[in-house]
Amino acid sequence: MKKSPQLLVRLALALGLLPLAFAGETSPFADKPSDSYSNYKGEDGQTVFPIWGTLRADDFGSRPVTMDPQGLRAIRQVPPAGVHPRIVFTPDDLPDIRRRLKETRAGQRAWNNILAWTEMMKGAYDDQAPYAQPDVFKGSFGGLKGPVPLFRIGIPRVSGVHPYNRSAQAAEIYDGLAAGTATEFPGFYWHVFALEAFRCLVAEDRAGGEKLARAVVTAMKIDQAKRDAERAAKNITLPPAEPVGRFQLAFCYDFLFNWLTAAQREAIHAELAATTWSHDNYGTFNEATASRSNWATFSYWLFEVLAIEGEPGFNDLKVRGMYRGWRNLLTYGWFASGATFEGEAKNQLGMDGILMFAMRSKDYGFDNLTAHPYLRAYATKFLPQSVNPMQTGFHKYDLLGGSRARGSGFSSNDAVGLKWALPDDKVIDWVYRQAVGDNYENVPERPDGYYNALLFFAIFATDFDPANVSPAALGLGNTFFCPERALMMTRSSWSKEASQLNLHVRQANGGHPFADRNAIMLAGAGRIWSPNGYASFTTPENSVVVIDGHTQSENTPGRLVDFRDGAAATFATGDAKYTWDWNWRQLDRPRGLYSLADVRAGKVDVPATWEPEPHSINDFSYQRLPYAYLDAPKFEQPSWILPAGALRPVVRQSNLPVQRAFRTAGLVRGPRPYALVIDDIQQDDQPHRYDWTLAVEPDVQIVKVTPVGRNAMDILLTGDDPDQTLPRAKEALPPTRDAEAAIPAGQPMLLVRVLNATSTKPLEPTIVELPNATNAKKYGPVRRLVLGAESVAPDFKVLLYPHRQGDPLPATTWNANRTAWKIGWPGQEDEVLFAPSKAGRTSLLIRRDGQELVRLDQEIPPLKEPTPPAQP
């Protein structure tokens, strides 16, 4: 007899195979399939959908977490079912929202941005009105001034009439929607509908709200007809994953609820109920310890389902599954240090969702995830140290990264959400200021995208403490270090003139990574010199040493092997040998899933020239942790997305075997801070081309090159646009600056002193700017300083000294056998000693006035080769 899915769920509960705390056995959706991120093709070729009732809602994996609620704002709990607004705030929150929008600078800026959009949509925009200030876009809309990119609203063009000055046409579109006579409208209107619904609620504009309700219903019916026709043409039978208008429709329903007629309420509710129950969010059904993708914080799924919370058609299992994914991301996608697993530019905490979960902590038994210790470390340790010295942005890693990131580089939802949730934390207050700008110029200007950033910011708008201006007073220290990810960020001080050096060894490899093990970032003398990459996927595009033009593997980990942090110097050593030696690949079964039993029975189809990867995460880690999932071979790796129990085995293939690939890099503090980079890299016993590469900003040029001894030279760099504010020329700047062009006193300069570079041919440093190797059309070119050496082992030793034009340059002298050198300025002299080690890494000792500043001389054990999993 065929058993129903619901019967199977109840049987599993009775046998203890599902958690009793919540498995959805009382939910009307318990026996229904989820159109899930975890879907897969079964052995018969048909899609297998997880059943909602199999959700392990309380499965947070094996890593223990102790919440830290100190300093958290008390969050008002969600009202009873049927009371609106409820998605992000409650009716009782409205008086305070109105006050902050009126009285705070952040709120005023957000409110003006909202009015610019809503008045444009309604055909009432006045670019002389207060809300149209400041004129960020300088009359670029055919003379129309404003603070937001109004061209995105999409008013159709009419011959001879500029679209941005056609208030009458905008009014005609909106009035047609409200009258029910429109047959089409710009799709961007959905984003502005949500803003207008919020405006009406805040302003208590019932007439405006009722007009918007009519417009929303008309727009919904237009889009429903288009969707239904397309689904019928393609014979799609699965429920729609999202409603028409997406989460903006959910906000309209929530904010306009009390002004909707019964028919309007029923129509919008029916659309939400039919489209929000089926599709899960990432992290609902997968293995807890593998929940490391930023997809877990796609809050639009949460906005949509919570609009009808407690009403017919509401799937509470979806909310619980999303909480599971969010919490597991914080535990396994963040590290205890506060650094992330996946690069920051593609990651986000999802503070919008975290605050929504906190509103429901009593009803659902959720923890307030702002109390998660890794989140708090991210907010109070990682984020402040990721601010560049000039305080012009954040260092972000991996795709869409950089060293000036604001806006998309640091989610405004996270910035205002952290400030709101932890209002008295001075570190978070200072970080919030860095995000929004001293004059709140970075308040979100757009309502579209994955979430309505402008709307969310307006709801929680709050001001920073104008007196909290000194990061040096916050007890932050000069260094951030993550032993799990293998990331060091260290600075000479918290002055805006400070030098900063980052070393990214990348033991833990997230999504969208670059082949950049041992890459550095350098800032100093009031500017960025070598930024984090934006889309620098290949090794030659990063600040590392390149062998014969080859690239490391993007996915194979490096290994941090030494770290020393002192008051006067901070250094670390990375070992990139493994990522040169091997490529990694993850295997999926075309039909069905790989299980642990399959792996151990040798049933994994390993491609020719590949072999199982025997190492574990802990094998590469500088800090071994006592959790079983970190000791499992990568060949037994859980799938990041498929249902719990599914594996995605990692296999390896030879890349470019090398004998050694150590980089020791760090910063020496003092009146004249400087950085040292020592590369012990060697492929084999034959000569090769080794390119010491420093990615540089687009304006950086060589001023002059001066030989200073055997295998040594000075390379003096500068750039005429240190703040990156000038328009970019279509053609790249020449590598060398015009020798006749005077350099103003005080202009930022960088001395690249090559202390040693063993080469059989003359060293010829140059700056090259080449198209992006991955996608030249999509991503901009990468500019870099390249110092090429022909050698068996180049033995690069490089001093990096950011300074200002007119500052004295250091004097450096080697001893007779080149095992020590002295570096000095008036009032500062250091002695640097080098010694060989058994592993091939150069040991380092730095002294000043007879006092030891830093020592890196411990022997480095080689990475052991475990016994590979048995294969029949």
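E103 is exposed, at a relative accessible area of 52%; the classes are buried for under 20% relative accessible area, exposed for over 50% and partly exposed in between, with a 1.4 Å probe and protein chains only. R99 is partly exposed, with a relative accessible area of 36%. The two residues form a salt bridge in which the closest N and O atoms are 3.6 Å apart. A salt bridge here is a side-chain nitrogen of Lys or Arg within 4 Å of a carboxyl oxygen of Asp or Glu. Both E103 and R99 belong to helix α2, four residues apart, about one turn of the helix. Helices (H or I, at least four residues) and strands (E, at least two) are DSSP runs, numbered from the N terminus.

This is a predicted model, in which local features need pLDDT of at least 70 and side-chain atom pairs count only at pLDDT 80 or more, while totals for chains, interfaces and linings use all residues. Residues are numbered from 1 along each chain as its sequence is written, and side-chain values use heavy atoms, with hydrogens and water left out.

**Salt bridges**

The whole structure holds 55 salt bridges. Three of them are set out below.

| Pair | Closest N and O atoms |
|---|---|
| E103 and R99 | 3.6 Å |
| R63 and E484 | 3.2 Å |
| R804 and E497 | 2.5 Å |

R63 and E484 form a salt bridge. This pair links distant parts of the chain, 421 residues apart: R63 is in the loop between β2 (47–48) and α2 (94–103), and E484 is in the loop between β5 (479–482) and β6 (487–491). R63 is buried, with a relative accessible area of 6%, and E484 is buried at 11%.

R804 and E497 also form a salt bridge. Here 307 residues separate R804, in strand β24, from E497, in the loop between β6 and β7 (500–504). R804 is partly exposed at 24% relative accessibility, as is E497 at 38%.

Elsewhere, a network of salt bridges links E119, K122, E196, R199 and D205.

**The sheet**

Strand β24 belongs to an open sheet of eight strands, ordered β11-β12-β16-β17-β24-β21-β20-β19 with antiparallel pairing. Two strands pair if DSSP finds at least two bridges between them. At the edges stand β11 (559–565) and β19 (700–709); each has a single partner strand, so one side of each is left without a neighbour in the sheet. From one strand to the next, the twist averages 15°, where axes are lines fitted to C-alpha atoms and angles run from 0 to 180 degrees between N-to-C directions.

Within the sheet, β17 (residues 674–682) and β24 (residues 796–804) pair in the antiparallel sense over five bridges. D679 has F796 in β24 as its bridge partner.
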